Every structure is written in C-alpha cells, then in structure tokens.
Amino acid sequence: MTTLGRLSRWSGNWIPAALARPFGAPTAVFFHGVERRIVDPALQSNQHRLDAFEDLARLLKRDFNVLPPDALAEVLRNPARHPRALFLMSDDGYANTLTMAAPVLKAHSLPWTLFVSTHHIDTGEFTPPTWARLFAMEAPEGGYKLPHIESALILGTYEQRAALAEDMWKCLKNMAFSHAQETLDVMRALLGKTGIDLKAKYPSETFLTWDQVRALDREGVTIGAHADVHWAMHEDQPTDFLREQALRPKQRIEKEVGHCRFFAYPFGNRGDVGRGAWEAVRDAGYDYAFTTIAGTLNASANPWLLPRYGLAPQETNLAAFLPVLRANNGRLRSWQSQIGA
Ligand SMILES: [Zn+2]
C-alpha cells in the first residue's frame, strides 16, 4: 500500500462516519469473489469470506447511496450533488459471484456491475495469475529455470511458495503477452505432470458459464468487460493485442447478453494501462472504463481512466475512508496526461 493509502486508511479508522458524511465524494469500489471459507490465503487472495462480505453489504447499504452504472453520467457531471454515491463492482467473473455474492447483494437491494474476462468464460481456463500461483504452490519441490525469468525459482517450504505465489504473477504481467505465454506453457506442462485435479482442488477459481452470466443479467446485474484474456494492457503489448482485448469482449458480451457499455482493465494500475489501452477501449465503443487507481469520481477525469478502489477483506469505516481518496485525484490527473488523456 502507498503512503497515501496507509494515511487514508489511518484517517478512515478514526474519523466517525457521521462526521465524514458532509465531506463525501462519489466513488467506485470492487471485489472479486466470495467464499464460505478461505482455505488457503496464498491462493484465495481474491476472495472475501462470506460473513465479512455480509457485513460489508450492510455497511454499504447504511452509509452509501449505491447506484447502478447508468447513473455514472449524472454523478460525473455533478459529483458535489452525490457525496454518498457509490458504484459497486466485481471483477473477473468467478462462479461464486452467482452463488455467494449475488444473494447477499440482492437481499440488500444493492445494484452492481460484473466485469467478465470473456476468454475465461468461454473456456473455463484459469487466469494467468492463477496459473502462476498454482505453479508456486503445487509444482513438485525443486529448482526451476523458466523461459523469460532470469533467476532460478526454488520451491520448497510453504512460506517460500507463498512468497513466490505473490511475486511471480507480478513479474509475468510486465512481460509482453507472447513471452508470458511461453513461461505459462512450461508451468502448465509441469503442473500437468503432478496429476492433481486443480479445478476440483481450487473451486473458488471456477468461472461462470454464459448461462450463469445471463442469469445474473436477468436479475439486474450489469455485465461489463474485463478484457478477453485476463492480462495486462500495458505499453509493451502489441497494438493488435490491445485492440483484441478491447473489442472481442464487447462483441462476445453483446452476443451473449445483449449490451456492454463498461470496461475494467485487468490489474488496472499505472504500469498495467497505457495510452494504447485506453484508446483501444474508447475506439471499441465503451462509454466508461475503470482502473484500480485510487481517487474519487469527478468530471475532470478521462471517462476511460476512472479511479476505483479494491475492497479489503474487511472494511470497517468506508464512509470516512473513501472520501479521503480524493487526495489522489491530482496524481491521477497527472498520470492521465502522461498517457495522453
Ligand atoms: Zn481481474
């Protein structure tokens, strides 16, 4: 977490919600999946525990005006008029968003948007970061030299593996996609030899099917795009790859669900989104796109580079914490201008 993040979280913990309310600012927040139990935090780092998620839903209902994404245009035009506005989102498209998250959010009448990575809905294949984590946790003990990774990887104790699980996907995502594919192919082949049924062992990594995505759409969940392959759209990726990452999910979702106006960048941080990415997303015809960079929603932000906050496993005082994120708006804008926005 950045110094700003720590500072905001610290101030968020002692400013009472009621006191912070007049200083509110509209924000977008996201989660990934929800599981009844977290068995292995090193692998299930994307999952909220169900009881914590229920607490979170109650808190959102109490302290915010949670709006559907159709209200974005009005909120961005007049942020000061909507100090309690919050847009709730989920990334990737895990099956447990239907079985675990949707009933909780429905019980509290909270509208939300689900961003799906269409290649993974089409194939059910794990995302590249999940493959990297699985490799770190499940490959047989030993030393490995993988293509495009300079240092040898040593897999031994649980602690070693958990540390590597956390680091390796970050190293992979900075590679050009074609290089990362070669590394991932070797990881998949080595994991294949273990004979472990990874899909059965790690059900929280299971993706929704299109039938299930449509079921969520029918319940009023807005379906948006989270690229085609869950992979970074940084400046070192070829233009064709970026164009495909923006265009294909829109076409797939429009065919399967009927409409797709919103996009969220995989990973979504400064190093993961470049000029080519937001221009490809704009040109593909999306109305708005979200990063994972801290900030509050206001009219001066480029509509294809909006800020968004990733919900921590446990949140206690979001009403005080989220408005403080406005302290990062200046930095967000200067980053936007660096990448031509
Ligand atoms: Zn994601």
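The largest nonpolar core holds 95 residues, and those that touch the most other members are L88, F135, Y265 and L318. A nonpolar core here is a set of buried Ala, Val, Leu, Ile, Met, Phe, Trp, Tyr and Cys residues joined through side-chain atoms within 4.5 Å. Buried stands for a relative accessible area under 20%, exposed for over 50%, and partly exposed for values in between (1.4 Å probe, protein chains only). A second, separate core has 18 residues, among them L72, A85, Y288 and L297. In soluble globular proteins, nonpolar side chains tend to be buried together. The model is predicted: local features need pLDDT of at least 70, side-chain atom pairs count only at pLDDT 80 or more, and totals for chains, interfaces and linings use all residues. Residues are numbered from 1 along each chain as its sequence is written, and side-chain values use heavy atoms, with hydrogens and water left out.

A closer look at L88 shows contacts (heavy atoms within 4.5 Å) with V29, F31, L60, V66, L105, P111, W112, T113 and L311, when residues up to four places away in sequence are not counted. Another buried residue is A180, which counts as such because its relative accessibility is 0%. A180 belongs to helix α9, residues 177-192; helices (H or I, at least four residues) and strands (E, at least two) are DSSP runs, numbered from the N terminus. With residues up to four places away in sequence set aside, A180 touches L172, M175 and W231.

Next comes the metal site. The zinc ion has D92 (OD), H226 (NE2) and H230 (NE2) as its protein donors, at 2.1 to 2.2 Å. Donors are N, O and S atoms within 2.8 Å of the metal (3.2 Å for Na, K and Ca), and sites may look incomplete because water is not among the atoms. Along the chain, the zinc donors follow the spacing D-x133-H-x3-H. H226 is buried at 1% relative accessibility, and H230 is buried at 5%.

The zinc donor D92 is also among the residues in contact with H32, along with N46, S90, D91, Y94 and T97, leaving aside neighbours within four places in sequence. H32 sits in the loop between β1 (27-31) and β2 (33-35) and counts as buried because its relative accessibility is 17%. Its side chain makes a polar contact with that of N46 at 3.4 Å. Such a contact is a pair of N or O atoms within 3.5 Å; within protein, one must be able to donate a hydrogen and the other to accept it, and residues adjacent in sequence count only if both atoms are side-chain atoms.

Side chains of opposite charge can pair when their charged atoms come close. The count comes to 22 salt bridges, each a side-chain nitrogen of Lys or Arg within 4 Å of a carboxyl oxygen of Asp or Glu. One of them joins R308 to D91, with the closest N and O atoms 2.8 Å apart. This pair links distant parts of the chain, 217 residues apart: R308 is in the loop between β11 (288-290) and β12 (309-310), and D91 is in strand β5 (residues 85-92). R308 is buried at 0% relative accessibility, and D91 is buried at 2%.

Within helix α9, D185 and R188 lie 3 residues apart, about one turn of the helix, and form a salt bridge at 2.9 Å. D185 is partly exposed at 42%, as is R188 at 22%. Finally, a network of salt bridges links D122, D211, R214, D228, R248, R252 and E256.
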